[in-house]
Amino acid sequence: MEGKVVAAPEYCHANFTYYFTKAFWSDPVLVKVLEGKRPCYFNTGVMVVDVNKWRKGSYTQKVEEWMTIQKQKRIYHLGSLPPFLLIFAGDIKAVNHRWNQHGLGGDNFEGRCRTLHPGPISLLHWSGKGKPWLRLDSRKPCIVDHLWAPYDLYRSSRHSLEE
């Protein structure tokens, strides 16, 4: 992990500014946290943590501190990533994107389908609003949704009951 606490596939083309509210951007003390840093999007559900470094660095406490500020001021949107961006701000070990083929849930704004990135893939991740079970059930699947269909336990049991 090259001395880093967290390793994950990074996506530096994402505009992380949307993760934070006007309350964050208008507070000079909070904005200073990101000054001179290059935070990139990464999925907090698909990361590797050096647990010894995590504990020594009191990172749980740091995440909780940002969550307390969030509770008081509503400084960010969109789940668990913002506190990690504020804490690590690009200081993570980037790993190959094959470890998180993210975005299969489509574009969060227009719901457009996305394709697989080239090369080998180790994890398929339907991040985003479009979930394969919803699109398959509505008979409006994206081309990659068929990859998920064999794991749909509900659909499998429903078909057995219907037959």
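What pattern do the disulfides of the chain follow, with bonded cysteines counted along the chain? They go 1-2, 3-4. This is a predicted model, and the count here comes to 2 disulfides.

## Cys 12 and Cys 40

Let's start with the pair made by Cys 12 and Cys 40, whose sulfurs sit 1.9 Å apart.

As for handedness, the S-S torsion is about 100°, so the disulfide of Cys 12 and Cys 40 is right-handed. Cys 12 is partly exposed at 36% relative accessible area, whereas Cys 40 is buried at 3%.

## Cys 113 and Cys 142

Now for the disulfide between Cys 113 and Cys 142, where the sulfur atoms are 1.7 Å apart. Distant parts of the chain are linked here too, the two cysteines being 29 residues apart. You'll find Cys 113 in the loop between strand E3 (93–94) and helix H6 (132–137). Cys 142 lies in the loop between H6 and helix H7 (153–162).

This time the torsion about the S-S bond is about -80°, so the disulfide of Cys 113 and Cys 142 is left-handed. Cys 113 comes out as partly exposed, with 45% relative accessibility.

Note on methods
Residues are numbered from 1 along each chain as its sequence is written. This is a predicted model: local features need pLDDT of at least 70, side-chain atom pairs count only at pLDDT 80 or more; totals for chains, interfaces and linings use all residues. Side-chain values use heavy atoms; hydrogens and water are left out. A disulfide is a pair of cysteine sulfur atoms within 2.5 Å. Buried means under 20% relative accessible area, exposed over 50%, partly exposed in between (1.4 Å probe, protein chains only). Helices (H or I, at least four residues) and strands (E, at least two) are DSSP runs, numbered from the N terminus.
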